[in-house]
Every structure is written in C-alpha cells, then in structure tokens.
Amino acid sequence: MGRIHVLSEHVANKIAAGEVVERPASVVKELIENSLDAGATRVRIDIEAGGRKLIHVTDNGCGMVRDDAMLAFERHATSKLKNDEDLLSISTLGFRGEALPSIAAVSRLRMETCDPSQPSGTVVEIAGGRMLTVEEAGLPPGTSITIRDLFFNTPARRKFLKAESTELSHIASLVTHYALAHPEMHWELHSATNAILVAPPAATHSERIYQVFGKETLDELIPLAAQIALERVGLPEPPLWRREPDYEPATPGELRLHGFASKPEIQKLNRNSIFIFVNGRLIRDKVVMHAIIEAYRNIIPPTVFPVVLLFLEMPCSEVDVNVHPSKTEVRFRQQSFLHDFVRDSLRSALMAARPAPAFASEIHQSPSARVALTPSLPVSAEEAFRLLAEPGTAQANASRPAEFSVFDLIPPQPPPRNEALPFTGSMTVEGNAAMGAARIVPQGFGAQGEAPEAVPETASSCALPLDGIDDAMDLSMLATLKPLGQIRDSFILAVNPQGLWIIDQHVAHERVLFEKILAERGRRQVETQRLLMPIIVELRPAQQAIFAEIAEELQRNGFEAEPFGIRTIAIQSAPAGIPSDDVAKMLQELLEQFEREQQALNLEKIRTRIAASIACHAAIKVNMPLDQAKMEWLLSELAQTSYPMSCPHGRPVVLRYSVKDIQKAFKRI
C-alpha cells in the first residue's frame, strides 16, 4: 500500500492555522482587515487575558446574509476574487479565504452578522472547526466576531504564547498603527480592566498622532509628502492574440508617499520602530527598509535606527501581495524605482527640516530598544501577582521594559522643592548646570516634613518673559551666529537672538569637508598631495580582495596606490589635508569597515565611506585653539552645507540652548 495519502480537511485547517494564526495579534489583524474591507467606519476590539480567553471585534460594516455567513468558513471562500486575473490587481486587504476557517479551527468562535438590507441577522457558532449552530437573530448592521479559548485544541501552540502583557502589547501596537493609517475611522481597544485606545475620527494623520500620543511626540517627527509619476507599467502588456478588441494600454499611474520620520536625535537600537503601509496594508519589506536606512546614512550612527511611519500608495497592479499567507510580505514590480524614490524623498525631507538638537534633551538622549509610536500598557493586579508567583520572575523583571515592570520596591519620590543654594564651601554641578536646581528633602511626620512657605513674587518687569523671540529650531540660523570663544579648545560657544549655541569644531569641520569632497569628486577635481616617500601597507587576504574592489574609487578620491609585493601596496599620493602619519591608518580603517560589511558593496556606499574617512582625518582636531577669524569662517562654511545637523558618522554637530530654556531656568516663565 502506498505511503502518501491526502490529509483530512480538519488537519489541513490546523496546518493553515499555523501559517495564519501565530499569536492573538494575528487573529486581531485578520479580523480588523475584514472590517476594513467591509467598509466599516467604527471598530471596537475587546481583549481578555492577552487574547487567550477572549478576542471580540465589532464593526459597523456591510455585514453578510445567511448563506454568505455559512460559506465564509469554507476554505478559499472569498468575495474579493473571481478569476486568476484579479490576482494581478488586488485592492482589498484580504483575498485568500483562509483566515476565518483557520481561526475557527483552533478556537471557539461566534459570529453575529447582519446585512442592512435584511430584516434579521445570522448567528454562527463553531468550535474547533465544527459548525455547531446557525440561527437567525435581531442584530444591528455590521459584524461581531467573538473568539474564545484560542488554541484550546492545540496545547503545544498555547504553551508557546508569551505573558499576557506581552501579547496585549502586540495587539495594542497593531491596533494603534491601523488607527494611524486610517484617521477617518473611530477605533477603540479595551482590555478587561481599562480602555487602552479610544480614537475618534480625525481629519489628518498629524491630528491622529497628536490625538493618540500628544504634542511632544508630534514635535519629534518630520512630516513627509512626495509623489512621482511611474515611468512604465510594472506588468507587461498581453500579447496581441490575447487582447480584446476594445483593449487599451494601461496607464502607469503615480507613486505617492506620506508619513512621518524622526529627527536624528531620536535613535533606536533595532528596526522595530519602522512601520510601513502599502495601500493601507501593514507590511515588512526589505527593499523599503533598506531605502529608509540609506536615507539616514551619514546622519545617524550606522548601529542605530530611526522612527518612521511611512504610507505608500500605488496602483494595485504594481505590488504583488500574494506572497505569504499572513499577507505581511509583498513584492514590488519596480523595486529599484521604489527604493530610490523612498530614499530620495526621505532624505530631502530631512535636509529641508534641518532641525537643531536641543541642549537639555540631547545630554540625556541615548538609543533605546523600546518600540516607538506604541501606547504604554498598565499591568493589572492579577497579572502582577501571577508573574510574581512564576519561577524565575525576579531575574526576568530585570530585563523587562520599564512600562511592563511589575513591582519596583522603591520608596515614592517626594516632589522637588526649590531652595536657595548654599554658597558656602564647594559645590559640585552635574548634568545641565543651567537647569533649575531642585533638591529632594526627606519627608517625615510632623513639622519636619513640611515645606517652608514659598515667598510670593512681586509683580515686576523682571518676572515677564522676553518678547519678540522666535523659538523655531532651524539650522538656517547658523549664518547669524557670533562666536564668543572655545571651551577647552574643542567646542565653539556662539550666540544669536535665538539662544546659546555649542558647536563641536571637529565634527563641524568634518561635515564641511565631507560635502566638499563629494562635490569635488563629482567634478573630478580632487586635490591630492604627493608623498616624499611611499608608504608601505601590508594587507590580509580578505583586505586584499576588498582593496581590489575599491581601488578605482580610492584613486578618484586622491589616493595613488599600487601593488608592492604579494600582499603589500605602496601609497604614492593621498588626498590633500591628511597628515602623512594618518594615511596608512586611514586606509586600514576603511578596509576594516568594508570587511565587516555584511551587505554587498555599491558605488554610492563606497564613495560616502571614503569621503567620510578622508574628512574625519583631515578635519580640525579637538584641543586645537582657534582664533576669532577661524571660528567665524567655520560657522560660515557650516551654514552653507546641506545638512549641518550631524557629521557623516551620525554625531550631532550643534546643540542649542534656546532663549525659552534659559527663561525657564531663571524662572522667568
């Protein structure tokens, strides 16, 4: 007897569920997309136990009639496709007809749905893939799906679910980003204890971000908007013998981009804060991700990542969404064109914004692994006690994010109190000395813990804020700076009507030289210097292969090197401005950088890496005194650069202590 046999429908549904339903958030994603396809304007999601016990999604969409409600749970039953040609231009979020039967196969499901044109609705109950009841009921228009006991019949899958708070955070992140993508809709997300998200309709995406996260988050983002006409149609035209008599060639259409990107000082340790939507669909795509990273190259350090919320709109025929069962991976018909458009649009927005980092926030800024644009979730008392009872929780809590920590046995911080500083003895100042001094006084019982009565300030002109000051953070003001001097011969102190500025002289000159080198390289007018004696450099075998690949670009940037033995090269000339002692060191650093590079090298990457290395070694060093004329020249040159906010390696060039911050520190506002 043969060994190959056809699996039963029950087993096939469970296998499909493993592809579609990875965790409770996957269920919520599929149900939300069904609501969007149904034309809903209001969606409410209720969650219990992180989605293990209950997932309840209600919408006011078009609903279904009785026959459609029963047929929806058959595999590959869908209303969104009719023939194979429809796969070439899918405009809906769902189309495979696998989500509902896959979810029903691993849960206890109840669906209540009503078509507005029908006098009554339909209730369908399914447990483990078996239909239990189908009955009529009086229901409001729309659809309500209740999922209970997810993975009740697959204990192995249930065991691999994370903590309730973790699963709830994935659901909250998913719902939040769909709410950001569809500001015209009303969204609600509720857990068993509180409302996590309530977002009424908003007019624009900016208003939605302000509504969900507040003004502070919105101020940290740079708006993006661009569009370009597609040069050609991604799909080839059908041959002559397959064309209908009334056939007309398809128009290429347009590619549109809008969204938000973070300022360079906002940095993350991973890519989890980059969210990409294509025609309203949340996706993960390496092409668009690489374009975003390339746009920030030489603006932020290469080991950190920005926060980006990106919406792409294009003709449906330009993107293939039939790649993965979960529909989170897509393929673009014109990948190179899309990549360059995203990279150039994002780069142009960053260049145009030119935001200046604030001094008080930059000194406390450090890359974070916490996902941005995601609401913080409170931990319920039951969850806290359950986590404390689990073995190994004490060690696990040490690595948990702050918003998910259970109990921190730290006494409550008393409110800060402003007191006069004692000017006797020595005084140590840490952090930002210009910020208001706040001393923590131990609280106790009785009179010792009471704060002294504050002296009311009399109304006088010195208590009023200064007028006529524009507090906009724009690096175009660099041309108005007047240098005052240097701090430890390393940092230039300058002022203008907008506040106090601190400029790192090394990275400022590095940025000036970097753009100058790239411009000279484009004109093929690179300045070189002939060395008196050739410099001999020994290479490892891997470095020798890399040198052969980048030798031509090195020559165009002023290096003249030739083989001098088996694994040795002799450097005859170097770019002007680099000390001869640094030539060999710089070349070794370049080769080591390219040796560590995991992705394939391209000409643009090689060109910028070489220019950045030359600029770093030729720039003004720290601990170097500069006269007034030299400082004025450097600030003038920096103001003329296209991106003066950071050096080619991503470090900030200037910090500004605004007049508003100074007024706050002196208690004038």
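Which helix lies across β11, β12 and β13? Before I answer, a word on the basis of this talk. The model is predicted, so local features need pLDDT of at least 70 and side-chain atom pairs count only at pLDDT 80 or more, while totals for chains, interfaces and linings use all residues. Residues are numbered from 1 along each chain as its sequence is written, and side-chain values use heavy atoms, leaving out hydrogens and water.

The helix is α6, residues 164-181, which runs at about 50° to β11. Helices (H or I, at least four residues) and strands (E, at least two) are DSSP runs numbered from the N terminus. Angles run from 0 to 180 degrees between N-to-C directions, with axes fitted to C-alpha atoms, for helices over the stretch in contact. A further helix, α9 (residues 286-295), lies across β11 and β13 at about 130° to β11.

These strands belong to an open sheet of five, ordered β9-β10-β13-β11-β12, with mixed pairing. Two strands pair if DSSP finds at least two bridges between them. At the edges are β9 (221-229) and β12 (281-283), each pairing on one side only. β9 runs antiparallel to β10 (residues 254-262), and nine bridges join them; Leu221, for instance, has Ser262 as its bridge partner.

The axes of α14 (residues 505-523) and α18 (residues 628-639) come within 9 Å and cross at roughly 50°. The two helices are therefore oblique to each other, a term for angles that are not under 35 degrees (roughly parallel), over 145 (roughly antiparallel) or 65 to 115 (roughly perpendicular). Their contact (heavy atoms within 4.5 Å) includes His509 of α14 and Trp633 of α18.
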